[in-house]
Amino acid sequence: MEQWIAMLLLISAIWLLQIRKISDSVPILAFQSFVLALMAGAMWYETKLSHLFVAALLTLIVKAIIIPAILHYTIKKIDVHRRVERVTSKYTSLLIAIILSVAGFYVTSRLHLPSTKFGAPYLPVSITLMFLGTFIMIDHKKALMQGIGLITIENGLFLVAQSISYGMPMMVELGVFFDMLVTVVIIGILSFRIHSTFESLNIEKMSNLKG
Amino acid sequence: MGEVSLLLIIPVMTAVLCWQIKNHPIGEKLQVAGALLNVFIGLSIARNAFFVAPVTGWHHLIYIDALSAFNVMLIVLIGFIASLYSVGYMRHEVAERIISEEKVRHYYLWFHLFIGTMLVVSVVNNIGLLWVGIELTTLVSALLVAFYRKGTSLEAAWKYLIMGSVGIAFALLGIIFLYLSGVDLFGESAESLNWTVLHRAAGQLNPQWTLIAFIFVLVGFGTKAGLAPMHFWLPDAHSQAPSPISAVLSGVLLNTALYGIFRIYTIVNTTLDGKAASYLIFFGLLSIAITVPFMLVQHDLKRMLAYSSVEHIGIITLGVGIGGALGLYGAVLHMFHHSMAKSLLFFAAGNITQKYHSKRMERISGVLKTMPMTGSIFLIAAFAITGTPPFNIFISEFTIMRAGFQSGHLVATVLFLLFVVLIFSGMMYYVVRMAFGEAPAKVEKKEMSRWSTVALFLPLIAVIVFGLYVPPFFQEIIQQVAFVLQGGKS
């Protein structure tokens with residue numbers, strides 16, 4: 001069960017590197033967050049720790065519904081059919097993603113991170129999600145996709161906290177969710193302004209500030 | 001305790017009121033009044049924390065000791081001066097038809113929320129909430145950096161938002177590790193991220209985890225503080241933001257990020273028995289060194305000032321890294337002096353760029369002739385920031401240098417001196433060219449506005465007076481903060 005959920009998370013992150021249109025990223029992200037909520041729900045079922053239930057519910061509402069809705073709204077306002085642009089080709093990025101995944105699993109096995117009974121299977125995937133999120137930010141040239149990479153990194157962080165100690169204290173968790181929500185709103189506002197000023201979301205157009 | 005609630009509520013109230021009140025003259029005065037009110041509350045809390053006892057409350061969620069109080073003091077002071085300065089600055093922008101009055105209301109909304117988020121960072125006891133606060137400062141100030149909606153300001157804001165958020169994500173990983181290093185001791189409760197609790201148990205934490213935690217936090221919050229080599233967002237954001245915002249970014253936001261680092265440093269350094277200090281010395285020196293070439297080839301006035309901030313954040317970090325009673329005293333003193341001198345410079349630079357309609361230094365000359373008051377203050381502030389006696393920064397840099405030689409960090413201190421001299425010559429070359437000489441014929445010889453000049457005098461007093469004489473009560477305050485940094489008291 002845990003292995004399957006972990007694999008689904010990994011696939012969703014690699015998938016984000018293979019999309020053709022920016023708008024494709026939203027359902028994948030929603031799927032990734034949904035799996036994350038499922039994972040927290042499964043942990044709650046096993047351990048009966050009430051704050052895991054809250055975390056699962058919040059992940060579902062904030063990350064799997066509200067955040068994708070905001071992103072969807074932004075993309076619709078800009079242009080639905082915009083193609084993504086990558087630094088590397090589709091196949092090179094797949095290769096790099098696989099290498100990063102292997103590296104993530106290897107690093108975790110060497111770190112001797114302590115983990116909880118039901119969280120242990122997720123630990124390698126959580127580190128790999130952070131690696132892949134960073135790579136999404138580097139590889140994609142569209143401003144909005146950097147935001148998607150950032151959310152993937154945050155999802156990875158959430159998973160690290162869950163698998164090491166069943167999450168951070170509730171209060172902190174709530175704060176992080178709130179920050180995440182505000183971040184996505186601001187990413188939306190700025191992408192919209194960038195698009196209306198530069199007539200493009202390509203960050204290579206934004207290179208006037210130097211030195 | 002009611003005072004702390006007020007301290008946090010007033011900026012939010014001011015922000016919302018300024019946003020909602022359509023009458024522009026009332027709104028702009030109201031926001032100055034709100035900021036002034038917060039100065040009194042902030043200083044009253046700070047006085048309690050310095051001279052009576054740490055302020056606590058809300059089930060240990062709030063804890064203000066000398067270090068927090070010091071940061072609160074800087075935020076309310078610089079926040080007030082910047083809100084005063086904003087009045088003249090924004091009036092000019094509206095008169096020039098660069099922005100509309102409606103946009104000015106949005107400016108005041110975000111400005112005061114920005115001040116509020118920094119105050120939250122300084123008063124919370126929980127390291128997780130401190131992280132949440134620092135992330136919020138990034139989000140709010142990114143909108144302020146993007147305020148002019150030009151291509152360059154959007155570019156700067158995007159870079160700032162993305163670099164800031166990724167950096168801070170790493171800091172969160174560090175905090176998770178720190179939580180982990182103490183979770184065996186305290187169990188899984190919110191209390192185990194309270195730095196008062198962590199501090200008390202610092203000796204028993206798992207050293208391996210605290211070291212990894214510290215490195216992640218240093219890199220993460222270091223990105224926000226503008227430590228090299230994570231400083232790339234800083235010159236862009238500082239040069240593209242409206243000048244009063246640049247002053248707040250440089251004067252207090254960087255300090256607030258450093259506050260996050262130092263909070264965790266005091267815990268980790270106890271656990272690791274002083275081994276964490278070398279990381280601070282390394283990043284501090286690197287930040288000072290990296291400023292030198294950029295300072296020598298700069299064309300943009302505000303970018304030059306921004307690089308100078310990277311240098312001074314480096315000096316503060318170096319001072320804390322050198323440590324000892326003297327080094328920490330110098331570093332804390334430097335924090336205060338840098339905030340005052342740098343915000344003064346940004347305000348003066350704001351007047352200059354509005355007068356000359358350009359930030360390019362080759363287009364600016366004869367400032368002393370066009371604006372005698374702003375010009376002379378600009379010159380004084382520039383001498384102060386480069387560490388020339390008899391101004392305030394000379395005192396703190398000299399203290400850090402003495403601490404460096406005394407504690408045997410010979411190489412680091414000699415390098416520090418060398419870089420400071422190089423930066424002095426690079427910066428003064430441009431400043432002197434701007435201040436003296438003939439003004440372009442089309443520039444009118446007149447000060448900007450009374451509001452813009454009055455705001456310059458408050459930090460100017462600090463720059464001049466503290467260079468000549470440090471009052472005993474102020475020495476006492478600095479010693480208290482240095483004592484907290486030393487890990488003497490939590």
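**Exercise 1. The lining of the largest pocket**

Task: In this predicted model, find which element gives the largest share of the lining of the largest pocket, and then describe the rest of that lining.

Solution. Begin with the leading contributor: α7(A) supplies eight residues, the largest share of the lining of the largest pocket. Next, set the size of the space, which is about 540 Å³ for the largest pocket. Then turn to the centre of the largest pocket, where, of the 27 lining residues, A:Phe178, B:Gly116, B:Thr117, B:Val120 and B:Leu136 are the closest. Now list the elements that give two or more residues to this lining, which are α7 of chain A along with α1 (2-20), α4 (101-123) and α5 (127-145) of chain B. Finally, sort the lining of the largest pocket by class, which gives 23 nonpolar residues, four polar ones and no charged ones.

**Exercise 2. The second largest pocket**

Task: Determine which elements of chain B each supply at least two residues of the lining of the second largest pocket, and state how that lining divides by class.

Solution. The volume comes first, and for the second largest pocket it is about 440 Å³. Of the 21 residues that line the second largest pocket, those closest to its centre are B:Met73, B:Leu77, B:Phe336, B:Phe466 and B:Phe473. The elements of chain B that each supply at least two lining residues are α2 (24-52), α3 (66-95), α13 (324-356), α18 (450-468) and α19 (472-485). With six residues, α18(B) provides the largest share of this lining. By class, the lining of the second largest pocket has 20 nonpolar residues, one charged residue and no polar residues.

**Exercise 3. Where chain A touches chain B**

Task: Describe the interface of chain A and chain B, going from its extent to the contacts found across it and the elements on the side of chain A.

Solution. Start with the extent: 43 residues of chain A are in contact with 45 residues of chain B. The two chains bury about 3900 Å² between them, and 78% of this area lies on carbon and sulfur atoms. As for contacts across the interface of chain A and chain B, the rule finds zero salt bridges, while two residue pairs are in polar contact. On the side of chain A that touches chain B, α5 (123-139), α6 (143-165) and α7 (170-198) of chain A each supply at least two residues, and the largest share, 17 residues, comes from α7(A). Sorted by class, the side of chain A that touches chain B has 28 nonpolar, 11 polar and four charged residues.

**Exercise 4. The cavities**

Task: State how many cavities of 30 Å³ or more the structure holds, and describe the lining of the largest cavity and of the second largest cavity.

Solution. The count is four cavities of 30 Å³ or more, and the largest cavity has a volume of about 120 Å³. Of the 13 residues lining the largest cavity, A:Glu154, A:Phe158, A:Glu173, A:Val176 and B:Leu172 are the closest to its centre. Two or more lining residues come from each of α6 and α7 of chain A and α6 (151-186) of chain B, and α7(A) gives the largest share, five residues. The class count for the lining of the largest cavity is 10 nonpolar, no polar and three charged residues.

The second largest cavity has a volume of about 70 Å³, and the residues that line it include B:Ile10, B:Asn38, B:Phe80 and B:His112. At least two residues of the lining of the second largest cavity come from each of α1, α2, α3 and α4 of chain B. Its class count is seven nonpolar, five polar and no charged residues.

Conventions. Residues are numbered from 1 along each chain as its sequence is written. Chains are lettered from A and ligands numbered from 1 in the order in which they are written. This is a predicted model: local features need pLDDT of at least 70, side-chain atom pairs count only at pLDDT 80 or more; totals for chains, interfaces and linings use all residues. Side-chain values use heavy atoms; hydrogens and water are left out. Contact means heavy atoms within 4.5 Å. Buried area is the accessible area (1.4 Å probe) that two parts lose on being put together, summed over both. A salt bridge is a side-chain nitrogen of Lys or Arg within 4 Å of a carboxyl oxygen of Asp or Glu. A polar contact is a pair of N or O atoms within 3.5 Å; within protein, one must be able to donate a hydrogen and the other to accept it, and residues adjacent in sequence count only if both atoms are side-chain atoms. Helices (H or I, at least four residues) and strands (E, at least two) are DSSP runs, numbered from the N terminus. Ala, Val, Leu, Ile, Met, Phe, Trp, Tyr, Cys and Pro count as nonpolar, Asp, Glu, Lys and Arg as charged, and the others, Gly among them, as polar. On a 1 Å grid over the protein atoms alone, a cavity is a set of points where a 1.4 Å probe fits but cannot get out, and a pocket is an open set with protein on both sides within 12 Å along at least five of seven lines; lining residues have an atom within 4 Å of a point. Grid points are joined across faces, edges and corners, and a volume is the space filled by probe spheres set on the points.
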